[in-house]
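Welcome! The notes below will then walk you through it, topic by topic.

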Amino acid sequence: MSPRLAFFHLPVFANRSLDLQKIKYFGFDMDYTLAVYASPQFESLAFRLILRHLVLFGYPSEINDFVYNPTFPMRLEMRKLYPNKFVQLEEAQVYVFNTLFNLPEAYVLASLVNFFRKSSEYTECNLDSHLAR
């Protein structure tokens, strides 16, 4: 087993008064029960890191100028927006942003759509003609 992966077989303990000075590895349960996150700062950091990775994948470097707006994302129940029996919200069709940790991802997507729609350097294409092949 790789030395980097060797610790995965060890048990994990949660204790609110645990002295962390001798702990080599620790993680967060991403639902706020063990750790209190500074949400706007955490979300802003995640937002910037996502943008940085997108630029590495070939997105325009201008997206690094985006600034996270913590008041933009809001939580909505999709079934209230689409109470139609003909719209089936299955995980295979829809990626569900269902935690507070998805807020930066949602804002990245909204920012990218806004950027590409407003930019004169990029034009919309008809995906139907490309998908039909």
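Starting at the N terminus, the elements of the protein chain follow the order α-α-α-α. Put another way, the protein chain has four helices and zero strands. Please keep in mind that this is a predicted model.

**The chain as a whole**

- The protein chain has 133 residues, and 17% of them count as buried.
- Take the contacts in the protein chain between residues at least 6 apart in sequence: 58% of these join residues at least 24 apart.

**The nonpolar core**

- Eleven residues make up the largest nonpolar core: Phe47, Leu51, Leu54, Ile63, Phe66, Tyr68, Leu103, Tyr107, Val108, Leu112 and Phe115.
- Two helices, α1 (39-56) and α3 (103-118), each supply at least two residues of this core.
- The largest share comes from α3, which gives five residues to this core.
- Have a look at Phe66, a member of this core. Leaving aside residues up to four places away in sequence, Phe66 touches Phe47, Leu51, Ser111, Leu112 and Phe115.

**How α1 meets α3**

- Two numbers are handy here: the angle between the axes of two packed helices and the distance between those axes are used to describe them.
- For α1 and α3, the packing angle is about 50 degrees and the axes lie 9 Å apart.
- Why is α1 called oblique to α3? Angles under 35 degrees count as roughly parallel and those from 65 to 115 as roughly perpendicular, so the angle of about 50 degrees makes α1 oblique to α3.
- The crossing in which α1 passes α3 is right-handed.
- On the α1 side, the contact is made by Glu43, Ala46, Phe47, Ile50, Leu51 and Leu54. On the α3 side, Leu103, Pro104, Glu105, Tyr107, Val108, Ser111 and Leu112 take part.

**A stop at Thr71**

- Where does Thr71 sit? Look in the loop between α1 and α2 (78-81).
- Is Thr71 buried or exposed? Thr71 has a relative accessibility of 67%, and exposed means over 50%, so Thr71 counts as exposed.
- Thr71 and Pro40 are 31 residues apart along the chain, and their C-alpha atoms are separated by 9.3 Å.

Terms used. Residues numbered from 1 in each chain as written. Predicted model: local features only at pLDDT ≥ 70, side-chain atom pairs only at ≥ 80, totals over all residues. Heavy atoms only, no water. Core = buried A, V, L, I, M, F, W, Y, C linked by side-chain atoms within 4.5 Å. Buried < 20%, exposed > 50% of the residue type's maximum accessible area, 1.4 Å probe, protein only. Contact = heavy atoms within 4.5 Å. Axes fitted to C-alpha atoms, helices over the stretch in contact; angles between N-to-C directions. Parallel < 35°, antiparallel > 145°, perpendicular 65-115°, else oblique. Left-handed = near helix turned anticlockwise from the far one by under 90°.
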